[in-house]
Amino acid sequence: MDKPLLKALAGETVRPAPFWLMRQAGRYLPEYRKLRASAGSFLDLCFSPALAAEVTLQPVRRFGTDAAILFSDILTVPYALGQRVEFVEGRGPVLGPFDPDALEPAGSRLDAVYEAVRLVRASLPENVALIGFAGAPWTVAAYMVEGGSSRDWLQVRRMALGEPERFAGLIDRLTDVTVDHLSAQAEAGAEALQLFDSWAGLLPPAGIRRWCLEPARRIAAALRERHPSVPLILFPRGAAVFAAEFAGTADCVGLDTAADPAWAAGKVQGQAAVQGNLDPMLLVIGGDAMERAARDILSAFRQGPHVFNLGHGVLPMTPPEHVAALRRIVQEAP
Ligand code: CP3
């Protein structure tokens, strides 16, 4: 196990810090836009193993990242459960109506995703680790209930806080499906797994514990049983004040943009590796501002296991040269 990412996730202090970026494949890369234009719809791309594998490898080739993250989407899961899912240009995801008590079994609908994992693993450079992922139950439920992205997420918040018994049924079902989906990726060759809880920060503290932390614990426990050697990264965005609690249940906690590295170095890094957390806007801006912020993060986390990343995903207007510059800064940091 010489891959820098896997060493850091196992708790080793690895320098230079391993480097990858959330949403490192995507629209900011010309080679992605070109392939995307020829692939048909976004979901067609996700479910074409050879194309998804190719897009996964694009940022690895261009920047020499320490990890590849499988090219796919968290909304393949509601699609597999029988909900209509479309990605509309300029509007984002649009999901059809669904009955929480009548979701279909996923069956073999996600098999193309696992085939993509196998293809990537077969052509990955030696020191690069492959990360599989899923959306956390709360975040996936949020898109399912709202029928897409939302400014205020009123419907899912009302259901979670106002009809907890009914909502628990949906979260339990998504928890089980998420375990199966992550396990299948590990079986196909994913060497680490990340759970994206992008909307954890919408909930009050008791809601975060019940709808984010509890399902994360169940998912972590089930995965430890099935795949004890595959580390798990939790990313509860907007809930960094709970990072220490999440750290008790995973190998690594992803810190969002607002988390203070000095605080996290003291309260989180002693229990689990930390990942993060440069503001994606600084990657858009580049130059000295980016370099100073990246160095501050590296120096705050230098005493323990740290995986360099952003505090959220790469923004579509990011100049690829800034990613290359950031990669060098992290590689050459003292
Ligand atoms: O990180 C990677 O490079 C791997 C691929 C990946 C995508 N989505 C590809 C994608 C990953 C890990 C995701 C996760 C994802 N998807 C999350 C969690 C992370 C986060 O950003 O908070 C969420 C909430 C989604 C749901 C989703 N997918 C939305 C809201 C949208 C529309 C907004 C947008 O960014 O375009 C997507 C579409 C999407 N997923 C694109 C890509 C490359 C753009 C689609 C296109 O090419 O037209």
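**Ligand site and backbone features**

The model is predicted, so local features need pLDDT of at least 70 and side-chain atom pairs count only at pLDDT 80 or more, whereas totals for chains, interfaces and linings use all residues. Residues are numbered from 1 along each chain as its sequence is written, and side-chain values use heavy atoms, with hydrogens and water left out.

The elements that give two or more residues to the shell around the ligand are α2 (30-38) and β3 (92-95). Helices (H or I, at least four residues) and strands (E, at least two) are DSSP runs, numbered from the N terminus. The ligand is surrounded by 23 residues, each with a heavy atom within 4 Å of the molecule. The closest are Arg27, Tyr32, Asp73, Ser198 and His312. By type, the shell comprises 13 nonpolar, 6 polar and 4 charged residues. Here Ala, Val, Leu, Ile, Met, Phe, Trp, Tyr, Cys and Pro count as nonpolar, Asp, Glu, Lys and Arg as charged, and the others, Gly among them, as polar.

An N or O atom in the side chain of Arg27 lies 2.7 Å from an oxygen atom of the ligand, and one in the side chain of Asp73 lies 2.7 Å from a nitrogen atom of the ligand. A polar backbone atom of Ala25 is 3.0 Å from a ligand oxygen atom. Of the 880 Å² of accessible area that the ligand has on its own, the protein covers 89% (Shrake-Rupley method, 1.4 Å probe).

Most residues other than glycine have a negative phi, and most peptide bonds are trans. Arg23, not a glycine, has a positive phi of about 60 degrees and lies in the loop between α1 and α2.

How values were computed
A polar contact is a pair of N or O atoms within 3.5 Å; within protein, one must be able to donate a hydrogen and the other to accept it, and residues adjacent in sequence count only if both atoms are side-chain atoms.
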